[in-house]
Amino acid sequence: MDMTSHMTSHFNDAIDAFKASSRELAEPLSAAVDLVFGSLANNGKILACGNGGSAADAQHFIAELVGRFERDRLPLGGIALNTDTSILTAVGNDYGFDAIFERQVAALGQPGDVLVGISTSGNSPNVIRAIEAAHDRDMQVIALTGKGGGKITEILQDTDIHLCVPHDRTMRIQEVHIVLLHALCDGIDALLLGDTL
């Protein structure tokens with residue numbers, strides 16, 4: 001195996017994934033910026049959840065809201081639902097792992113809040129149940145998926161936004177998810193602080 005060629009193929013595949021995503025997702029991503037900004041401007045908050053690498057992405061995204069992205073600004077309201085080990089282990093133990101996000105959305109979510117649910121396959125049961133709980137709380141949802149969107153595609157409502165990466169490989173989907181979340185942060189800052197481009 002020529003390892004250099006193998007590594008080069010990763011860059012080329014990622015570039016193709018980003019180009020395809022830019023064609024398909026720029027418009028819904030713009031709508032997602034408006035949705036999140038509208039929620040935050042009306043004293044709403046953003047709840048985010050995911051598993052594994054998607055959990056890290058949810059936590060990263062919320063850190064950018066509460067802390068800052070590239071420019072100083074007031075903190076923005078957000079909670080990563082995958083970070084409190086006491087809640088995760090208590091709910092997981094008492095109600096099952098599939099309920100770990102659903103219970104938190106039911107406890108914390110309010111009408112006007114937004115749930116950002118991240119699942120590369122679109123089939124994560126605990127993210128699906130969180131989305132259903134968000135709908136019960138009159139919240140809108142931004143779903144970040146890939147691989148065709150999985151079961152999440154079936155439960156999203158017309159007022160939700162689906163950012164489904166047009167790729168089947170988990171690593172590529174996760175790479176695009178990071179760009180989507182960074183672009184979302186940049187769009188929010190542009191509306192709050194003025195566009196610097």
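Leaving aside neighbours within four places in sequence, which residues is leucine 108 in contact with? In this predicted model, where local features need pLDDT of at least 70 and side-chain atom pairs count only at pLDDT 80 or more, totals for chains, interfaces and linings use all residues. Residues are numbered from 1 along each chain as its sequence is written, and side-chain values use heavy atoms, with hydrogens and water left out.

Leucine 108 turns out to be in contact with Lys45, Ile79, Leu81 and Asp113, setting aside its neighbours within four places in sequence; contact here means heavy atoms within 4.5 Å. Leucine 108 belongs to helix H4, residues 102–108. With a relative accessible area of 34%, leucine 108 is partly exposed; the scale calls a residue buried under 20% relative accessible area, exposed over 50% and partly exposed in between, using a 1.4 Å probe and protein chains only.

Now for the overall fold. The protein chain has seven helices and five strands, and along the sequence they follow the pattern α-β-α-β-α-α-β-α-β-α-β-α. The radius of gyration is 17 Å, close to the 16 Å that the globule rule gives for 197 residues, so the protein chain is as compact as a globular protein of that length. Helices (H or I, at least four residues) and strands (E, at least two) are DSSP runs, numbered from the N terminus, while the radius of gyration is taken over C-alpha atoms and the globule rule is 2.2 Å times the number of residues to the power 0.38. The C-alpha trace spans about 50 × 45 × 30 Å along its principal axes. Buried residues make up 45% of the 197 in the chain. Among contacts with a separation of 6 or more, 70% come from residues 24 or more positions apart.

What about the inside? The largest nonpolar core has 32 residues, and those touching the most other members are Ile46, Phe61, Val116, Ile142, Leu144, Leu180 and Leu184. Such a core is a set of buried Ala, Val, Leu, Ile, Met, Phe, Trp, Tyr and Cys residues joined through side-chain atoms within 4.5 Å. At least two residues of this core come from each of several elements, including helix H1 (3–41), strand E4 (140–146) and helix H7 (170–193). H1 gives the most, with eight residues. Leucine 180 touches Leu25, Leu29, Leu144, Leu163 and Val165, not counting residues up to four places away in sequence. There is also a second, separate core of 21 residues, with Cys49, Phe101, Leu115 and Ala143 among them.

Some loop residues are worth a look too. Phenylalanine 69 sits in the loop between H2 and strand E2 (78–80), yet is buried, with a relative accessible area of 16%. Not counting residues up to four places away in sequence, phenylalanine 69 touches Glu64, His182, Cys185, Asp186 and Asp189.

Asparagine 43, in the loop between H1 and E1, has a positive phi of about 65° although it is not a glycine. Asparagine 43 counts as exposed, at 77% relative accessibility. Lysine 147 is another residue other than glycine with a positive phi, near 55°. Lysine 147 lies in the loop between E4 and helix H6 (152–155) and is partly exposed, with a relative accessible area of 35%.
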